[in-house]
Amino acid sequence: MFDENILEILNYLDEGITVIDTNGKIVFCNQKAAKVDNIDRNTAIGRHILEVYPSLSEKTSTLLKVLNSGEAIIGNFQSFKNYKGESITTINSTIPIKKNKKITAALEISRDITEMRKLSEELVELRNELLDIEREKIEPQKKYTPSNTLNSNKSKLYTFMDIIGQSDVMLRLKAYALKAAASSSPVLIYGETGTGKELFVQAIHNSSSRKNKPFIAQNCAALPSTLLEGILFGTVKGSFTGSEDRPGLFELADGGTLYLDELNSMPMDLQAKLLRVLEDGKVRRVGDTKEKNVDVRIIASVNSEPQKCVKNQVIRMDLYYRLNVISLTIPELKNRKSDIPIMVQHFIEKYNRKLNAKIKGISREAMEKLLEYDWPGNIRELEHVLEGIINLKESEYIELSDLPEYIREDKNKSLNEILDETEKRIICETLKLMDYNISKTAEYLKIPRQTLQYRMKRFNIKL
């Protein structure tokens, strides 16, 4: 679309330059634009403008307005949040790019005035503080240090840029989730297994004012209730055999976010204690008589419909209403099939890098089968299918014959049957690749030889 020399020159400008094509996808952004908006250029290019800026919409995005109207917008003041939840203020001039009187793209020039606006707001706040200082009690601010908390931000957290999807339902969901990030109210998320609930949870935390404080996740189904209570609320020495003075996850997450996955697996008596913490912001360790104040945002998720969980008495009604202040429903993959092509491309690129593969794409016939299939395992199943194919694929394109038989035949089978067939296919193909040498096959699959032999016997695989 542009001469490479011109693009190189644009990288040295002190103004941000962003260009979108007629489909609303970003085709270019210079270094200044990437820096201002705190985005990775390689990640942003090729993504829809509303994916990269979920706080915008068709009505508020000046680039999309110009693309639709064909009329320039000059000197427009715009405030928005980038995908990390950071507030950005710019002055933009946006113009249509035409060829033979036909609009082919839209270009925006942005000047960052975020710091200028921030300084002016701080001056107003400082003036108000000076006026009120005589009647305010000033307390030393507690210094936050990662040394006395479990700060999961040391590892990478997902952001809204990591959530792949351009379908209307996903764009609306990401915009809504970004608004939820600006609040500290509890969030209840419902989604089937494999839909990507934790991606949304981490993105909300990473876009919130708590992003520099701890993010802690706990699966409520992973532990028995007696252990889960001590882990959540902490213990004191002597409260039970072998117990020590240990803080619970609520104390460790103080100031940050605590994510409780599969809340519907938490015992009802423990749910009552969780409700008390939500109501008064205080926790008491197991065996202790003293309470401690905590400031923790709770995000909980369930893999069954929340109202059914209440009806079936696996979630307390009072806890449900306390948590369901902000609710998100993550759609199943079968209800957002228009996102499958971009997900396939994303996973191909991911496993090309991870496995040093050179897959260029997928055939139309294979893609049609992926679109026909209902994906009971959702995104997780799609990713694992593609990972298995790319592991063993030698040619450049994924063909229909590379897909698992259950997808090609599109039979109604349970998830366990699907996983068994996938595992059997991978073992058979790897055995063939390794000339039916069991030791080499086990080494390639990174499993013990005895495990491989057990699997072969279970699936009736004979040499």
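The structure is a predicted model, in which local features need pLDDT of at least 70 and side-chain atom pairs count only at pLDDT 80 or more, while totals for chains, interfaces and linings use all residues. Residues are numbered from 1 along each chain as its sequence is written, and side-chain values use heavy atoms, without hydrogens and water.

The axes of α18 (residues 415-433) and α19 (residues 438-445) cross at roughly 125° and come within 9 Å. The crossing of α18 and α19 is right-handed. Contact (heavy atoms within 4.5 Å) joins I426, I427, T430, L431 and L433 of α18 to T441, Y444 and L445 of α19. By class, this contact has six nonpolar and two polar residues, with no charged ones.

One cavity of 30 Å³ or more was counted, a cavity being a set of points on a 1 Å grid where a 1.4 Å probe fits but cannot get out. The largest cavity holds about 200 Å³ of space. Its lining (residues with an atom within 4 Å of a point) comprises 20 residues, and D37, Y53, F80, E108 and S110 lie nearest the centre. At least two lining residues each come from β1 (16-21), α2 (31-37), α5 (62-69), β3 (73-81), β4 (87-99) and β5 (102-112); β5 gives the most, with four. By class, the lining has eight nonpolar, eight polar and four charged residues.

Terms used:
Axes fitted to C-alpha atoms, helices over the stretch in contact; angles between N-to-C directions. Left-handed = near helix turned anticlockwise from the far one by under 90°. Nonpolar A, V, L, I, M, F, W, Y, C, P; charged D, E, K, R; others polar. 1 Å grid on protein atoms, 1.4 Å probe; cavity = no way out; pocket = protein on both sides within 12 Å on 5 of 7 lines; lining within 4 Å. Points joined across faces, edges and corners; volume = space filled by probe spheres on them.
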